[in-house]
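Thanks for coming. Please have the sequence and the structure open as I talk.

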Amino acid sequence: MLIRRETSADVDAIRAVHAAAFAAADHGPANDPDHRPDHEPVHRPDHGPDHRPDHEPDHRPDHGPDHGPDDATSTDTATRTINGGHAGRLPVEATLVDALRADDGWLPAYSMVATDTDGLVVGHVVATRARVAGAPVALGLGPLGVLPGWQRRGVGSALMHAVLGAADARDEPLVVLLGHPGYYPRFGFRPAVELGVTPPQPWGPQYFMARPLTAWRESIRGEFRYARPFDDL
């Protein structure tokens, strides 16, 4: 497996990865903790607090706090709601990356793919410019997706480490996400409110998490805002 930045030739493959990863999440066996190992559903900032990543966990703030990352029933309901109530449409995560790519918040250095030995794209993660108190001093992470056949093989974790390492090397101060509190702390995430960063909506502090990087400073405080395409979900 190789982790690298995306190229223009990867666009269709990236869309296919998220379509497959999130379709699998929405139709997998309910409450099966082994079903969703490596995919990271999207942060949906206009919904409720429970984004749970577990393809890596599922950042889907439209889940309730009592649903775990592998609750396929709540995932399926959330997807139908996001898509206007019609099952079978392309998962929103598959088109979100396209919208982010066209937005001013797109940062090519933080869109990364995982490939197999033949060069097939099997996973993708992206972080885009976000703001704290109106200042461009943070990244919003997500979506993260891995092809179903490559889940539970460390692809999602490798992508997480790669994007966080790239952000740190480029002196980004802070990475923020909505995610599963049982998963993301292993990557150094903790409740963002502990750093003085507040969500734009009343999401539970255990789900709204931040990872301070080397360039972080205590003066970075205030309300967080994702890149604009998240507001359109």
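Two elements, strand S3 (121–132) and helix H5 (228–231), each give at least two residues to the lining of the largest pocket. Helices (H or I, at least four residues) and strands (E, at least two) are DSSP runs, numbered from the N terminus. S3 has the largest share of that lining, with 3 residues.

Before I go on, the model is a predicted one: local features need pLDDT of at least 70, side-chain atom pairs count only at pLDDT 80 or more, and totals for chains, interfaces and linings use all residues. Residues are numbered from 1 along each chain as its sequence is written, and side-chain values use heavy atoms, with hydrogens and water left out.

Back to the pocket. The term rests on a 1 Å grid over the protein atoms alone: a pocket is an open set of points where a 1.4 Å probe fits, with protein on both sides within 12 Å along at least five of seven lines, and lining residues have an atom within 4 Å of a point. The largest pocket holds about 200 Å³ of space, where a volume is the space filled by probe spheres set on the points, joined across faces, edges and corners.

Which residues line the largest pocket? They are Asp103, Asp104, Gly105, Arg129, Ala130, Arg131, Arg225, Tyr226, Ala227, Arg228 and Asp231. By class, this lining has 7 charged, 3 nonpolar and 1 polar residues. Here Asp, Glu, Lys and Arg count as charged, Ala, Val, Leu, Ile, Met, Phe, Trp, Tyr, Cys and Pro as nonpolar, and the others, Gly among them, as polar.

Next, salt bridges. How many does a search of the whole structure find? The search finds 9 salt bridges, each being a side-chain nitrogen of Lys or Arg within 4 Å of a carboxyl oxygen of Asp or Glu.

One of them pairs arginine 4 with aspartate 10, at 2.7 Å from N to O. Aspartate 10 is buried at 5% relative accessibility, while arginine 4 is partly exposed at 27%. On that scale, buried is under 20% relative accessible area, exposed is over 50%, and partly exposed is in between (1.4 Å probe, protein chains only).

Another salt bridge joins glutamate 6 and arginine 101, at 3.1 Å from N to O. This pair links distant parts of the chain, 95 residues apart: glutamate 6 is in the loop between strand S1 (2–5) and helix H1 (11–27), and arginine 101 is in helix H3 (residues 92–101). Glutamate 6 is buried, at 16%, and arginine 101 is partly exposed, at 22%. Through shared partners, salt bridges connect Glu6, Asp12, Arg15, Asp98 and Arg101 in one network.

Last, the backbone. Most residues other than glycine have a negative phi, and most peptide bonds are trans. In this model, the bond between glycine 142 and proline 143 is cis, with omega about 5°, and proline 143 is in strand S4 (residues 135–146).

Alanine 133 has a positive phi, near 55°. This alanine 133 sits in the loop between S3 and S4, and it is exposed at 55% relative accessible area. Aspartate 171 also has a positive phi, near 60°. Aspartate 171 is in the loop between helix H4 (155–169) and strand S5 (174–178), and is exposed at 57% relative accessibility.
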